[in-house]
Structure formats: C-alpha cells, structure tokens
Amino acid sequence: MSYAVIIRTISIAALLLAATLPLFDGASAHAQTGDTTANDGPPAITIGPDQDREFEKRAQSLEKQLICPICPGETLDQSFVQISQDMKRILREKLQEGQDEGQIKDFFVARYGTSVLAAPPLSGFNLVTWIVPPVIIALGVVGLFFVMRQMRRGSVNPVAAGIGGIIPGDPAGGDLDDYLAEVDRDLAIDDSPDSDQDDETDRSSKA
Amino acid sequence: MPIAIGAIVAVISLIVIAIPFIRGSGAVLSARYTGEVERLTRLRSDLYDQVGQLQADHAANTVTDEDYQHQLLELRIGAAETIRQLDQLGYEDEPQDAPAYLTLESLEEEIAALRQAGSRRDSGTGGESESDDA
Amino acid sequence: MADLGTMSLLLALALAVYAGVGSVAGVKLVSGDLVMSARRSAYMAGLALAVAVGALVYAFVTHDFSIEYVRGHSDLVQSQSFTWVAMYAGNEGSLLYITAIFTVMSMVAIYVTPRRLEPSRPYIIAILMGISIFFLTVLITLADPFAPALFDDGRAIGINPLLRHPGMFIHPPLQMAGLVGVAIPFAFVGGAMIAGQTRDQWLDAARVSAIAIWATLSAGLLIGAWWAYTILGWGGYWSWDPIENVAIMPWLVLTAFIHSVMVQKRRGMFRMWNIALLSMAFVLAQFGLFINRGGPVVSVHSFGASTIGSVFLGFMLFSLLFALVIFLWRYPMLKSDRPLESFLSREASFLVNNFLFLGVTFVTLWGVLFPLFSEFANNETVTVSAPWYNQINGPILLAIVILMGIGPLFPWRRTTATSAQRWLSIPIGISLSTMVLLWISGVHELWAIVGFGALAMVMSAVLEEWYRGTMAQRRAGLNFATGWWRMVSGNRPRHGGYIVHIAIIALGIGIIGTNFFQQRADVALAPGESFTLDEYRVEYVSTENELREDRISEWANVNVYKDDKQIASLAPWRAFYPVFNMASVRASVHNVPLVDIPGLPSYLDPGLEDLYIVPSEFLEDGRVVLRISINPAAWWLWVSGPIFIIGTMIALWPAPLQERRTVPTRTRIPSTPRPARSVGV
C-alpha cells in the first residue's frame, strides 16, 4: 500500500462521514452551569470529619462516570446544579445500601436514558465505540509495516535522486572535481579522514 | 464622520493599488530565474549547515566514522553540484545589487538562456520540473 | 459606526477579490504591474479589516446599542475592560476577529515569502485571499456584526459571566488566530504546487509558519486549560469537550508535521506525506469552525446553533477537494529522494511518531462524531466524554511519550540491532529504576508509575544528547555553559525541540499528578469550624457579600493551616448574575511549594500540589459548603508554558551566519559563454 492510497482512503472516508452530517438538525443546548439562589433544604453532599474516606472515593469515582442530565457534557463531579446534587445524594444512599456500580448506573439509565453515562455502555450497538479505535489502530500498524517495507525497496525518484541530482559515489562528469575543491575551500576541510574539526567557529571563512 | 473615514480608506487603497501601473514595476517572469538562483543558493547554504551539524554529531560520537565519511561525501557532492548549476545559469553578480527594472527583450533572452541551460544539463541531475503554464 | 463597519467589510471584500484574481491574472497575462498591484491590494484588505474591527470596538466602548451585536454582548454595568474584548465574545464578532487576524497573518506571510518561492507567490496570495473572501462573504451576508438592533429598548445584556475572567483577554484571540492560521503553511504548499515548484522550495516557509502557528495553538490550549481550572470550579482543565477536541486535532497533526518535515529537510523523504499532513490540518481546522458555529454537538463552548454551520461544512468539503486535486496533480513529482534504509532509524521513528499522533487524532475525531452516528444509526443518544477518551487515548499518548524517549537516540539512515541495544539500555535502565523507586516509596497506582517511567526516559534521552554534545564542545576547549550554548546554537531546531520535550515532561508530570492522585471533599462548615484533608486544615472564618449592578458576589474567608502553621488566607468567591440566571465561581488556588525559594512569590516556587478551594453553596443558616481539593503537581502543568515558548523560540531563531551568507562574486568563466545579466524582480 502506498502513501497515496492510504491518504486517498482516509480522505474518502472522511468525506463520506462528513457527508452524513447535514442530516442532523443543528440544535445545541445552551444550558450552562446554572443554579437557583434559594437554598432549600440541607446541602446534598457533605462529609463530616468521621466520614469513611474509602466510601467517599468510590462515590466520587462513580460521580465521574455519570453526566448531569441538564448540563452540556458535565459529569456529576463537575456540576453544582440542584439535580446533580440530588443524583449525588441518591448515588451515595444506594452505595450505603450495598448496591454496586452497575446497578446504580442502570438505575440512572432507566430514569434518564443512556446519555446519562459518561461513556457508552459496553453492550449492543455501543460496543462499536469501543471496538473501532483499536481495530483501526491495529490495521494502521499493519499498514505502517507494509508501507515501511515498501519504502525500503525504494520508490526513488530517478530525476531527483541524491542531493542536487547527483547520486553519491558517481560524480557525473570530470569537472565536478573543481567544484568539489571549491566546496572544500568554503568548508575549510582538510582531506584526512580523521579530521577533528568539530566546531562551527571554523565556518567563518565560508562565504 | 465614520463614513468619511471609510471613504478615506477606500481612496488610499485605490491609490496604493494603482501605483504599480503608474510607476511600472519589474516583470514577473524573472521571478523564475531569481527563484531558481535563490533555491540553489539556499540549498548550498543548507548543505553547509548540515556539514557543520554532521561534524558536531561525529565529534559527539552519535555518528559512526563510516557513516560520517559517506554522508560528508554526499553533502560535498551536493554542494558542488549546486555551484555547478549556479554557474550554468550564467550567474555572476550578487542579486542584491541588481537594478529593479527590466526590459521585455532582456527578459526574453533570459528565458531562452534558461531553456538552453535546462537542455544542456547532465542527465540524471535534478531539474526544476516546473510546468510551463505560469 | 455601523456604516463604517459595513463599508469596511465591503471594501475588504472588493480588495480581496482583486488581490486573488489579479494575482493569477497577472501571471497569465504576463503583467508584472498587475501582480504587484494585486499584492498591494491584499495588504490593503488587511487595513480595511482593521478599520472594521476598530469600528466594532469603538461601538462597544461607546455603548452604541443601536447595533444588535453590541446590545447582545455588553451593557452599562459590566466592567469596562471586558467591554474592550466583548467584540469576540459572540459569533459574529469573533468571526470578524478571525477574518481580520487571518488577513493580517496573510499580509505577513505574503511579505516574507522567500525569493525562491517568488514564482509561487501569486498563487499563495490567491489561496489566502480565497479564504478571506469566504469569511468576508459569510460576514456580510449571514453573520453581520453591524446589523442594527431590532428593538431599541435600551436593554442590553453583558457577556456571559463565565467569560468575565482574565483569560478572556488572551485565550480567544490566541486560540482563534492559531486555528485559522493553520491555513498559512497550507497556502505555501498549495501555491508552490500550483506554480510547479515541487522541489522543496516551499519547505522552509511551510516549516517556519507551521511551527509559529503550532506555538500559537499550544499557548491558546494551555491558557484555555488554565482558565477552565480557575473558573469552572472542579479543578479540571481538560474535559475532552467537543470544542476542545476540534481545537487539539489540528495541533496534533501539526505536531506530526513538525517532526516529519525534519526528515524531508534532511533526507528528501516523506514529501507527499508532509503535504498530506498540512492538508489534513487545514481541513480539520475548517471542521473545527463548523463544529464551533452551529455544528450539531453540545458543548459548554458552543456559540449556539445557527444556519451558518452548513456553510462552514461546505467550505470544509471544498477545501478537502481542493487539496486532493492539487495533490494528485503534482503527485509524480513528489516522490521521495531516497528509500528507507532500516526500520531502526530516525526516519522510521518519525514515521511511527506520525502514526501515533494521527492515531490520537482519529480517536478524538471518532469520539466527537460517534454521538451523531449513534443517533443516526441507532436512534439513541449516547455521551462520549472524558472516561472514554482517557481509556482509549491514554495508551496511545503513553506510547508517544515512550517514543519521545527513544526516538531522538536513533541515528539517521540505519543502525544495527546490537548498537541499538547498547544505547537504548541507558534510558530503559533509568526508566525502570524510576518505576522501582516509585513503587518502593509507596506509589502503587500502576498507570501513574508507567507514566512517570516513560517521562523519565524522555528526560534521560535529552540529557544524554546534551551530555554528549557538550562534552564534544568541551574537548574543543570550552567550559560547560558556553559549550552547551554553542551546541544548541549549532542546531537550533533540534535542541529547541529538546527543550519543548522538556516542557512536555512538565506537562506530563502535572497530568499524572492531577489525574491519579487528586483528593477531594465537599464539606459544610459553620463559621469557626475546620475540616482536615490530608495534611491541611481548612478553617472557615466568615462570609462577606457585595451587591453590584450586574451581580451578587459572596466570598468565603478561609484560613489554611499545615502542621498548625497558617500557610494561607484565601477568599474564593461565587457570583450570581440575575440577568443570566447563572452563577460563576472563582477558585482560590494556593500553590504548596516543593521547595520554598526565598524571595520568590509562592506561585513561582516549584509546586508540590495545589490546594484548591471553591464555595459551592452559601447556606441560609450561615454555613458554607466548600469544595476542597488537593491537586498534586498542578503547578507543573502551567510551568510547561514558558518552557514551550523558550524551546519554540530557539527552534525558530534564524542562525545569523547562514542567513547572511551571500554568493561570492565568481571569477571563473562558465563553460557556455553568456553575457552577464543582472536581474531583479
């Protein structure tokens, strides 16, 4: 597979993907981190000095996996609105009762739909979210391997080969020697193979 | 008042745009020539840079002696070829001293000379594979 | 003012059209005057747009509420400094800003086009003006910032409260300039391809402009992250929000380009690939515009739904097509000069680097698009958010960091497996020792340990390169400092790049610390009460509030003690904006220093962790609910910024000797005699 084929494939795929977009109605919810001024009732989540740290850690980890239903893309962990506070409280109650993460998540999904989960569930159609990236990357690795192999055999441009068009080891034409001498003068190189000129200060004589 | 500002800006723009026609600027086709000259000059300069970096790497032992010799030869040959191509372009003066104006006849001669140089170049050398439609 | 604004936009459009069409016509008609005139017209278009921007800012500052946009984004009570920048707070104004900054950047690009690109310059101008024409047309027809107010009832609302933050002065201008500036390297390449200059004449121009734009984007992203950190209240700085994602995708592709362009410069390889990368970055930036303005995704950043979304989508598809066409047209001329000699070479490692960066880009794009895909194909709304991105992108980013640690050590062309083993042993050894040390000292979070190990490898690679290079200079008789500097000046792109790698190490430390070791508590405290989190005792003292014209602010005075010594007195606040029915918070962030350097303010000391306090609720019984977080290593996130800038500046700094090199006067007679010719343009 050559580069061009890969690029073309990616471009066509992107084109096809982009072509499906106009089918969607562009309506973005403009909800923000809102709140009410009235603070009715006790605050939803607090921990006192004697609260169980481990329990709190579990609760916080769960909060990071659930999305506030009315906020644009914020997890419970990030959101301060009333509904988030309520959800955090319910979540903790259920943890106290001994329910596990899966059951709690199912509870919220039943109420608010799949979009309440911060990542698509690992089931059904949504498995596609999780499977496609590793598959594409694996294919990419294979592709990369073949590309590198093909590059090794070399699709060398015969017109452009070498720098300035000369393939090393084959100075085409005798009068290159004069030019080579001129180059060496510019670079102030002496001919010995073990030259220890490692400093660019010698380059000041170069024009 | 705001509209006056807009009008002034419009007038200034018109004047600025018209000046080249009034004054008569340089021609466009010599761009190819100086483009090529500068490309070769820059290439030579880059190659000299790379020699310097190669020598620094060699002194720091990140390049083996064999690789050093091979790459040094490559770079020297490349720089030499660059100078040869500059010569073939008939280049003699420094571009910075060149006057700004050019007549159409001298341009046509220039293009013809470039074409001659292109056909006389040794086979296998890198040529500017430009399209002729510009 | 509205009249001046509209006039200027129309004038700019006319000038841009003349500039673009005239450039190409001038080449075809062989009229140097027309080419010159068209180029000047491009410069004048920038002037006209500057006037338009000036008109809008003036309208804001003089509270000209007869303009709808001014009415919608400012009022008489918001702080005056925000009025100056409110211009880019909304859709139309930010579009005007983007058009203006793009045209100004184009002016610079056109002016500094090197002479070897002279034949391409008219086409470069045409491409740049084409993009300006698109933006101007959208501005004039669909998103007019100077449209008159529909109801002149004097009612005005200010800018969104979340935007009333110092970050507003820097982040949007930088971020937008960076995103639209991705077109500049693309224009250099595109123009060169059209003109037929396929022999890498465009390489330096593309490389320098790409690095400059990349640096702008990096700064924009980092400042945006800092802004989010202090204003959004949960101590987060990156949430893989769709708008953030579309901003980082061009950045990722440009990073890939910056690396693989080195191979093209050094070995004449990857030419087609580099052009493809620049095209991809350009199209992704367009995609970002589409998503940002009326795209079909939901985000805190959205400017809101509008019909112009499909226009941007159309332009994106057009750009894609354009890039494909000119690329395929010149395809035969773009083959590599040389083959790949070995899998164990720097060239190969750059290829892998590119692959990984594109991998992250793909994953991010997939995450942004999947919810739409799911709605369409499965009729179900799903959310793809931080947990998914972290799990999928995390390993790829880790691989990138590991590659950063070993890639620079590979020599060009090839090396043998045995010598590779030899010099790879050092970084791997250091990495393993780091991981073991961490384990022994009590860190048992597996991913964090691996991450730190990878970062240690990067540091060791840079130090190894610098050690060897400086030692070589020392052998020539220089001391350490001068030797190091001489080595860096001798190869600025490479060593500037190493400094940028060090910036990434700092960033990585901050990311690992905040991601894996954060501690958080939400507590309700009465005045005088304290809560202890880890080693810090936070005491709530009192609340004060202030009623302003546009908001009600309350702040909580809080003292922080460590080991019974007071280390800070903080006042995080919360403001409620009745007009918006919205609250915004400002966190108090105290940098707990690793090392207290006398004489330096505390935020400059290298940070161990951040103590982060936000008031989430002020209760009626006088208590306050505080969110207290300990964010380890957060300071390192922000210190990476200055290091980035230093590294980029060194990489871009032109080496004086080479630049001033002139061709010597030649005395030898050329083999084919020809009269001497002096030419100029």
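A residue counts as buried when its relative accessible area is under 20%. By that criterion, 54% of the 134 residues of chain B are buried in this predicted model.

**Chain B**
- Chain B contains four helices and zero strands, and its pattern along the sequence reads α-α-α-α.
- Among the contacts in chain B with a separation of 6 or more, 79% are between residues 24 or more positions apart.

**A salt bridge between chains**
- Side chains of opposite charge can pair when their charged atoms come close.
- Over all chains, the whole structure holds 34 salt bridges.
- One of them pairs C:Arg414 with B:Glu66, with the closest N and O atoms 3.8 Å apart.
- C:Arg414 lies in the loop between α14 and α15 of chain C, whereas B:Glu66 belongs to helix α3 of chain B, so this pair joins two chains.
- C:Arg414 is partly exposed, at 30% relative accessible area, while B:Glu66 is exposed, at 55%.

**Salt bridges of C:Asp204**
- C:Asp204 forms a salt bridge with C:Arg116, the closest N and O atoms being 3.1 Å apart.
- This pair links helix α9 of chain C to the loop between α5 and α6, across 88 residues, and both residues are buried.
- C:Asp204 also meets C:Lys265 in a salt bridge of 2.8 Å, N to O.
- C:Lys265 lies in helix α10 of chain C and C:Asp204 in helix α9, so the pair ties together parts 61 residues apart in sequence.
- C:Lys265 is partly exposed, with a relative accessible area of 31%, whereas the value for buried C:Asp204 is 13%.

Methods:
Residues are numbered from 1 along each chain as its sequence is written. Chains are lettered from A and ligands numbered from 1 in the order in which they are written. This is a predicted model: local features need pLDDT of at least 70, side-chain atom pairs count only at pLDDT 80 or more; totals for chains, interfaces and linings use all residues. Side-chain values use heavy atoms; hydrogens and water are left out. Buried means under 20% relative accessible area, exposed over 50%, partly exposed in between (1.4 Å probe, protein chains only). Contact means heavy atoms within 4.5 Å. A salt bridge is a side-chain nitrogen of Lys or Arg within 4 Å of a carboxyl oxygen of Asp or Glu.
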